[in-house]
Amino acid sequence: MANIIHVQKGTKDILPQEISQWHRLEQNALEIFTKYGYKEIRTPIFEATELFARGVGDTTDIVNKEMYTFEKSERSLTLRPENTAGVVRSFIENGMSRLSAPVKLWYKGPMFRYERPQAGRQRQFHQVGIEMFGIKEPTADAEAVMLAVDYLNSLGLNDLEVEINSLGCPKCREEYKRKIKEVLKPEFDNLCEDCQTRYEKNPLRLLDCKVETCKAIFEKPEIQKVIKSDFLCEECAQHYKDFKKYLEKLNIKYVENKLLVRGLDYYNRTVFEIKSNNLGSQNAVCGGGRYDSLVGQLGGEDTPAIGWAMGMERLNSLLEKPEAEKLDGYIVSNSSEDAFELAQELRNKGLKVEFDLANKKFTKQLEKAAKVAKFALILGEDEIRTNTVSVKNLSTSEQIKVPRCDIIKRIGEKNG
RNA sequence: GCGGGUUUCGUCAAGCGGUUAAGACCUCGGAUGGUGGUUCCGAUAUGCAUGGGUUCGAAUCCCAUAACCCGCCCCA
């Protein structure tokens with residue numbers, strides 16, 4: 001036998017026995033997002049590499065070491081590592097800033113990041129997410145979070161923690177960064193290697209380092225004082241305050257986390273994550289925030305925006321595994337012709353029905369029926385002659401011979 | 001990129017230097033039988049991730065490689 005070819009590291013087949021959970025995730029998304037006025041958008045799976053370099057940010061890990069990039073016809077292309085940049089590209093390119101605000105878009109689909117796989121992390125994974133354009137008011141932030149919570153609740157997920165923070169605007173954040181760098185400067189040589197790079201690239205990321213020596217440094221009172229300081233400018237502070245006010249009004253329990261920064265460069269002001277304790281170390285199911293300057297940065301008119309994404313594999317691992325769904329009926333008959341005809345008749349009426357394509361023995365067919373269906377539809381010589389079918393309920397063993405036209409009624413009442 | 005762990009049939013697994021490599025489930029076939037899920041019988045790894053080594057003898061010990069899993073970083 002030839003060697004078999006395996007799925008690639010960090011990728012998975014989604015098998016028939018788990019597909020119903022995926023359908024549920026997708027159906028609930030469509031239903032609930034639609035209630036909030038969102039429309040689905042589908043953008044390509046690869047884009048110009050430059051889109052992500054400019055959109056996601058060239059200091060981020062995602063862009064620096066996690067992208068699947070390839071050359072074709074002298075173009076540099078990249079499999080999308082996330083979908084905000086793509087949606088923004090489409091928003092700009094299709095002139096959606098001319099539409100009446102807010103423009104509300106949602107998406108679902110595969111994303112690609114070249115990382116070491118572990119629990120809750122794959123190289124190809126799926127996200128469902130939303131983006132809202134054109135509203136700078138904190139009502140938009142609150143509605144976006146509300147929508148996330150609503151969606152999660154619809155899936156039966158209630159035991160989740162919403163964490164929020166505000167990163168301020170470029171102006172007040174720069175000031176904050178400057179202060180952090182200043183107070184940490186004397187300690188620079190004592191920081192771990194990672195923190196030394198973060199010091200240059202993204203000082204906000206420094207603060208939740210897990211290395212003991214770094215933690216000890218950050219514990220120092222003069223440093224804590226800077227970290228804890230309220231750096232938001234007046235406008236940002238008001239925005240954040242109003243955002244929280246709306247969350248409270250909506251009864252959304254949240255926790256403020258000053259260390260919540262998020263790894264994508266485009267965020268400003270509101271950022272949030274929704275976490276579950278049942279996920280192992282990759283515990284965020286949802287992450288998002290406001291990105292008011294991204295549209296402008298990518299060449300569109302300045303447009304405030306906010307969005308979030310959820311990891312569908314992570315959602316899936318939190319959901320109850322559903323029972324395999326059975327057929328309504330399995331036709332047991334030694335006449336393939338008659339079985340075929342009956343199957344089509346019932347399928348056209350909307351029932352899920354199969355019969356034995358291999359025309360095995362009666363017992364085998366019944367055995368199969370018990371395995372895959374709720375009802376056995378027995379079509380023997382007698383039944384064919386009298387235009388009836390013996391309908392056997394396979395869980396109660398009740399069996400009744402009925403006219404063909406009454407099958408649905410019989411299955412229906414025993415089914416409900 | 002850096003750590004730790006695991007790897008025996010489709011699946012779960014026994015095995016601890018000498019076995020014909022248990023067992024269970026699934027699948028398939030047969031018996032009985034116009035009626036399954038709840039009977040009985042049978043089939044299914046010359047093979048223990050791969051390549052070397054030690055040994056009279058290796059799934060069992062050693063080395064290397066790979067794959068997978070888990071964690072760090074980061075993220076959904």
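Modeller: Let us take Glu 313, which counts as buried because its relative accessibility is 18%; buried means under 20% relative accessible area, exposed over 50% and partly exposed in between, with a 1.4 Å probe and protein chains only. The model is a predicted one, in which local features need pLDDT of at least 70, side-chain atom pairs count only at pLDDT 80 or more, and totals for chains, interfaces and linings use all residues. Residues are numbered from 1 along each chain as its sequence is written, chains are lettered from A and ligands numbered from 1 in the order in which they are written, and side-chain values use heavy atoms, with hydrogens and water left out.

Glu 313 belongs to helix α12; helices (H or I, at least four residues) and strands (E, at least two) are DSSP runs, numbered from the N terminus. Apart from neighbours within four places in sequence, the residues in contact with Glu 313 are Trp 22, Gln 122, Gln 124, Phe 125 and His 126, where contact means heavy atoms within 4.5 Å. With His 126, the side chain of Glu 313 makes a polar contact of 2.8 Å. Such a contact is a pair of N or O atoms within 3.5 Å; within protein, one must be able to donate a hydrogen and the other to accept it, and residues adjacent in sequence count only if both atoms are side-chain atoms. Gln 122 lies 191 residues from Glu 313 along the chain, yet their C-alpha atoms are separated by 8.9 Å.

Buried in α1 are Gln 21, Trp 22, Leu 25, Asn 28, Ala 29, Ile 32 and Phe 33. They lie on the same side of α1 because they cover an arc of only 130° around the axis, the arc being that of the directions from the helix axis to the C-beta atoms. An α-helix has 3.6 residues a turn, so residues three or four places apart point the same way. On the other side of α1, Gln 27, Glu 31 and Lys 35 are exposed. The cover over the buried residues of α1 includes β5 (103-112), β6, α5 (138-154), β11 and α12 (312-318). Just after α1, Gly 37 has a positive phi of about 90°.

From here we may turn to RNA strand B. Two or more residues each are given to the surface near RNA strand B by β6 (124-133), β10 (284-290), β11 (305-311) and α14 (362-372); a residue is near a strand if one of its heavy atoms lies within 4 Å of it. The greatest contribution, six residues, comes from α14. Of the 44 residues around RNA strand B, those that come nearest are Arg 113, Arg 262, Gly 263, Thr 363 and Ser 397. Sugar and phosphate make up 49% of the atoms of RNA strand B that come within 4 Å of the protein.
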